[in-house]
Amino acid sequence: KVAIKGIERELICPACKELFTHPLILPCQHNVCHKCVKEILFAYEDSFADGGSESSNQSSPRIRISSPSTDRIDRISRSGIKRNSLTPRSSLFPCPGCQRDIDLGERGINGLFRNFTLETIVERYRQAARAAIAIMCNFCKPPPQESTKSCMDCNASYCNECFKIHHPWGTLKAQHEYGGPTTNFRPKILMCPEHEKERVNMYCEICRRPVCHLCKLGGCHANHRVTTMSTAYKTLKEKLSKDIDYLISKDSQVKAHITQLDLLLKETECNSERAKEEASQSFEKLFHVLEEKRSIALRAIEASKNLRLEKLQAQAEEYQGLLENNGLVGYAQEVLKETDPSCFVQTAKQLHVRIQKATESLKSFRPAAETTFEDFVVDIAKQEEILGDLPVYSSGLEIPEINEEQSKIYDKALISWECPGKADSADTYVLEYQKLNREEESVVWKEIKVHNKSKIISDLDDDSSYAFRVRGHRGFLCSPWSREVVLRTPPAPVFSFLFDDKCGYNSEHLLLNPERTSVESMAGFPLLLGSERMQVGCYTTLDYIIGDTGIAKGKHFWAFRVEAYSYLVKVGVVSSNKIQKLFHNTHDVTSPRYEQDSGHDSGSEDAFFDSSQPFTLVTVGMKKFFTPSTPAAPKDPASRILPLPTCLGICLDCDNGKLGFYDTGCMRCLYECEVDCSGIMYPAFALMGGAAVHLEESITAEYEEYHDDI
């Protein structure tokens, strides 16, 4: 048997951190005191009313209840507020046990069961903890005697004499259920919280909670799998007993794990000290480098100072000599006293040159040295920024992974990532990208700080490859960089258009969505009626539709998706001077190639058929991409059949008369041909049978919000 003192941790409410009082079972199977549930809901309600509080965030606040205000609960109860009005705005409850938002349903607290089994265990624990404190009789005259029994039907405690008086033999009270002294009284029958007059007699295996027969007949458990209470009792008791026996049988293994955990605790302490030492050594290296640079800078400033002082001192002494009876002037005055002309001329010539220099210096005075040391200013702005962003890597942060399926490049780039482990392991993310250019050796990464898990990037160059990487940040910690993902931009600027619902649009065979971004062809009665004409030839009916915007010059790119179930779709361009021929001359085209004994050669037939087309189209369908037959193409038809990409792109170069078809997933050119661009060119599509085409939409902020919701 497990000692009662060893289970105290299981009897503590996760909200108030005290022993449970009337615990309620939440849908997540955690237990919380009834008063704590009310307090949390009151606090949750107040946080909504404040506006701009933490509850406006996507995740609910985690509320710690230190001392529940029972007086406040009673005051609000007396004011007439109904229990169901505790959560008028939301039925979500932030569980303090699992830190998740739990939906309490429409009934709120009223729909929660009271955990009487846990109450009984808590009461046993309290009795063991206060064994010296006796439970007194509720009916003795003062002074009351110590109780010896507690009646579960009367919810009262009695001494022997009072119990005999209030439960006389031969009466109904004599049949009451009684036990040892206790203050924990619970009902003999567990009633349904949804239908208060019905006792629970079944167990819902989906919701994992007891229910009554009304819940099963017409309540929220009508379509759930239920079992009888006795069966659930037997099954759960057997499972719990087996699990307990298993744990007890693994007692030695548990002790071994505890020993291992003790070693891990010590190892963690040692490793943390080692990590601190390594971090200190790293910073000591930086301090040493900075100290060395500091010494060099101070020595250079000191040497410059001494040199400037010498120059200024010499200049000051020179000007000091210009004063009367001092220095140069005094010496010149003495020379003037010389009366011998030859001696005077010999000395005065050199003296006159010095006097002239002194005179010129007086006219244009300039200090011999600068007093400022601006050329010795240490610019540390860049280094300060680098040190400010100095990463401290932590293995506790999950390395984010860029989701290549959700990330895409079209007119802009949408980069989406996810964390394989904890969803909220990082507070912010840093997304970096760079253009891959073989000519440039040193490429600078561009950095963007993001608060969610996706980002739209614009202003990317056409026909270029970009590498993307991301890492998570939480405070001063950051994760290592994710694996780099390379995406390529379209070969030309994206051309936006919609399907034209006027020019040649056949509303009987084609179905446009309201936004005119998708068109669908239905293989219905018109095709069946046309089959009456079929004997031995092949008659194909194509329904054409074009874009509502034309292209006169430049290079443009657009993309679209062809549904996998599509039987036959033709895609390409058509010139404005051939549109009439497109819509009036191509229905019910008969090919004698498939007639019996036609005598036509297959190769010449292809050449004739291609040359007769008033437009440039390629065929896709049945999850295949068919490159057109040309004289330079291989004669083997299988070599001209490629798997159909998820998204197809078309690049039209009007200036050079080129038309290319691309796999937008990797921006690889599947087929390129020449095209006559003498007129205005329109995107053209042809559908036959069951088929559908969806234009690729431009990347907007809605994409980012959508991926954040995912």
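A salt bridge here is a side-chain nitrogen of Lys or Arg within 4 Å of a carboxyl oxygen of Asp or Glu. Before you click, know that this is a predicted model, where local features need pLDDT of at least 70, side-chain atom pairs count only at pLDDT 80 or more, and totals for chains, interfaces and linings use all residues. Residues are numbered from 1 along each chain as its sequence is written, and side-chain values use heavy atoms, with hydrogens and water left out.

**Stop 1: charged pairs**

Side chains of opposite charge can pair when their charged atoms come close. How many salt bridges does the structure hold? There are 16.

Select Arg 469 and Glu 432 to see one of them: their closest N and O atoms are 2.8 Å apart. This pair ties together distant parts of the chain, with Arg 469 in strand β19 (residues 465-474) and Glu 432 in strand β16 (residues 428-435), 37 residues apart. (Strands are DSSP runs of E, at least two residues, and helices are runs of H or I, at least four; both are numbered from the N terminus.) Are these two buried or exposed? Buried means under 20% relative accessible area, exposed means over 50%, and partly exposed is in between, using a 1.4 Å probe and protein chains only. Arg 469 has 16%, so it counts as buried, and Glu 432 is buried too, at 8%.

Now pick Arg 483 and Glu 404, whose side chains meet in a salt bridge (2.8 Å, N to O). Here the partners are 79 residues apart: Arg 483 is in the loop between β20 (477-478) and β21 (485-488), while Glu 404 is in the loop between β13 (401-402) and β14 (408-409). Arg 483 is exposed, at 57% relative accessibility, and Glu 404 is partly exposed, at 45%.

Next, grab Asp 501, Lys 502, Arg 516 and Asp 548 together, as they are linked in a network of salt bridges. Within it, Asp 501 and Arg 516 pair up with their closest N and O atoms 4.0 Å apart. Asp 501 is partly exposed at 32%, and so is Arg 516 at 22%.

**Stop 2: a tucked-away serine**

Jump to Ser 150, in strand β6 (residues 149-151). With a relative accessible area of 0%, Ser 150 is buried. Which side chain does the side chain of Ser 150 make a polar contact with? Show Ser 157: the distance is 2.8 Å. (A polar contact is a pair of N or O atoms within 3.5 Å; within protein, one must be able to donate a hydrogen and the other to accept it, and residues adjacent in sequence count only if both atoms are side-chain atoms.) Leaving out residues up to four places away in sequence, Ser 150 also touches others, including Tyr 178, Pro 181 and Phe 185; touching means heavy atoms within 4.5 Å.

**Stop 3**

Take Cys 95: the nearest cysteine sulfur, in Cys 28, is 3.6 Å away. Cys 95 is buried, at 0%. Then select Cys 212, whose sulfur is 3.6 Å from the closest cysteine sulfur, in Cys 215, and therefore too far for a bond. Cys 212 is buried as well, at 0%.

**Stop 4: a helical stretch**

Finally, select residues 258-285, which an unreviewed UniProt entry annotates as "coiled-coil region". UniProt positions follow the numbering used here, feature names are shortened, and annotations may be inferred rather than shown by experiment. The span is 100% helix and 0% strand, and its end C-alpha atoms lie 40 Å apart.

Definitions and conventions: Disulfide = S-S within 2.5 Å.
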